Amino acid sequence: MKQEINEQELLKGLANNDKRSVEAIYRDNYNSIQLLVINNNGSSDDAKDIFQEAMIVLYEKLRSGSFELNCQVKTYLYSVCRRLWLKRLQQLKRYPSSLDNMDTLVPVEEDVEEHEKRNAEFEMMEKAFNRLGEPCKSLLDAFYLQKRNMQDIASGFGYTNSGNAKNQKYKCLMRLKKIFFTHYKNGNGDG
């Protein structure tokens with residue numbers, strides 16, 4: 001019973017981006033995922049990628065609010081990682097013999113497909129971002145990725161005040177959105 005309560009707390013923590021919960025989930029589960037990947041034609045870098053993707057799948061499910069985990073966290077993560085790794089191996093045309101028994105896994109196909117769709121959208125967003133041009137690209141990078149404040153950005157980019165920098169950031173964001181949705185519609189046909 002204590003483990004169930006502990007896992008619920010970990011999941012709540014993960015949903016709220018709590019560093020300790022993320023570290024605990026990583027500490028308790030990463031080694032088994034690394035073994036899975038390395039023993040099936042992968043490297044430790046592959047294991048890190050797959051584990052990160054699985055954590056994102058779990059995080060997004062928890063954030064949706066309608067997700068209820070009916071097994072242990074380690075079982076769920078292992079299942080997601082195993083499916084992600086099998087898919088990656090199929091794409092690379094490297095099939096391992098020991099991943100044949102997929103029936104014993106928790107059904108997470110929808111999660112993986114949803115995650116892959118989101119991944120494709122991130123790739124399109126990255127393409128749109130790369131087409132953005134300067135100074136917008138650097139400005140949005142400074143604000144969203146480097147987490148710099150508007151005053152710092154204003155002085156770094158030569159704006160007279162943070163209000164002007166904020167206004168420029170908004171214009172850049174609108175431009176990025178336009179490029180993204182134009183690219184999304186043209187590139188995907190279903191946008």
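Helix α7 is followed by Gly158, a residue with a positive phi near 80°. The model is predicted. Its protein chain holds eight helices and zero strands, and buried residues account for 36% of the 191 residues.

**Helix α7**

- Helix α7 spans residues 150-157, and its buried residues include Met150, Ile153 and Ala154.
- These three residues cover an arc of only 105° around the axis, so they sit on the same side of α7.
- An α-helix has 3.6 residues a turn, so residues three or four places apart point the same way.
- The face of α7 turned away from the buried side carries Ser155 and Gly156, which are exposed.
- At the start of α7, a side-chain oxygen of Asn149 comes to within 3.2 Å of the backbone nitrogen of Gln151.
- Beyond α7 comes Gly158, with its positive phi.

**Disulfide and other cysteines**

- How many disulfides does a search of the whole structure find? The search finds one.
- The disulfide is formed by Cys136 and Cys172, with their sulfur atoms 2.1 Å apart.
- Cys136 lies in helix α6 (residues 136-145) and Cys172 in helix α8 (residues 162-188), so the pair ties together parts that are 36 residues apart in sequence.
- The torsion about the S-S bond of Cys136 and Cys172 is about -75°, so the disulfide is left-handed.
- A disulfide is a covalent bond between the sulfur atoms of two cysteines.
- Cys136 has a relative accessibility of 3% and therefore counts as buried.
- Cys172 also counts as buried, because its relative accessibility is 0%.
- Cys81 is buried as well, with a relative accessible area of 0%.
- Cys71 is partly exposed, its relative accessible area being 25%; the cut-off for buried is under 20%.

**Largest pocket**

- The largest pocket contains about 320 Å³ of space.
- Which helices each supply at least two residues of the lining of the largest pocket? They are α5 (109-130), α6 and α8.
- The lining of the largest pocket divides into seven nonpolar residues, one polar residue and three charged residues.
- Among the residues that line the largest pocket are Met125, Glu126, Phe129 and Asn130.
- Leu140, Asp141, Tyr144, Leu145 and Lys147 are also among the lining residues of the largest pocket.
- Leu173 and Leu176 complete the lining of the largest pocket.

**Fold and two residues of helix α2**

- Along the sequence, the protein chain reads α-α-α-α-α-α-α-α.
- Leu36 is placed in helix α2, which runs over residues 19-38.
- Leu36 counts as buried because its relative accessibility is 5%.
- The C-alpha atoms of Leu36 and Ala47 are 8.1 Å apart, and the two residues are separated by 11 residues along the chain.
- Arg20 also lies in helix α2.
- Is Arg20 buried or exposed? Arg20 counts as exposed, because its relative accessibility is 64%.
- The C-alpha atoms of Arg20 and Leu10 are separated by 8.5 Å, and these residues are 10 residues apart along the chain.

Methods:
Residues numbered from 1 in each chain as written. Predicted model: local features only at pLDDT ≥ 70, side-chain atom pairs only at ≥ 80, totals over all residues. Heavy atoms only, no water. Disulfide = S-S within 2.5 Å. Helix = DSSP H or I, 4+ residues; strand = E, 2+ residues; numbered from the N terminus. Buried < 20%, exposed > 50% of the residue type's maximum accessible area, 1.4 Å probe, protein only. Arc of directions from axis to C-beta. Polar contact = N/O pair within 3.5 Å; in protein donor to acceptor, adjacent residues only side chain to side chain. 1 Å grid on protein atoms, 1.4 Å probe; cavity = no way out; pocket = protein on both sides within 12 Å on 5 of 7 lines; lining within 4 Å. Points joined across faces, edges and corners; volume = space filled by probe spheres on them. Nonpolar A, V, L, I, M, F, W, Y, C, P; charged D, E, K, R; others polar.
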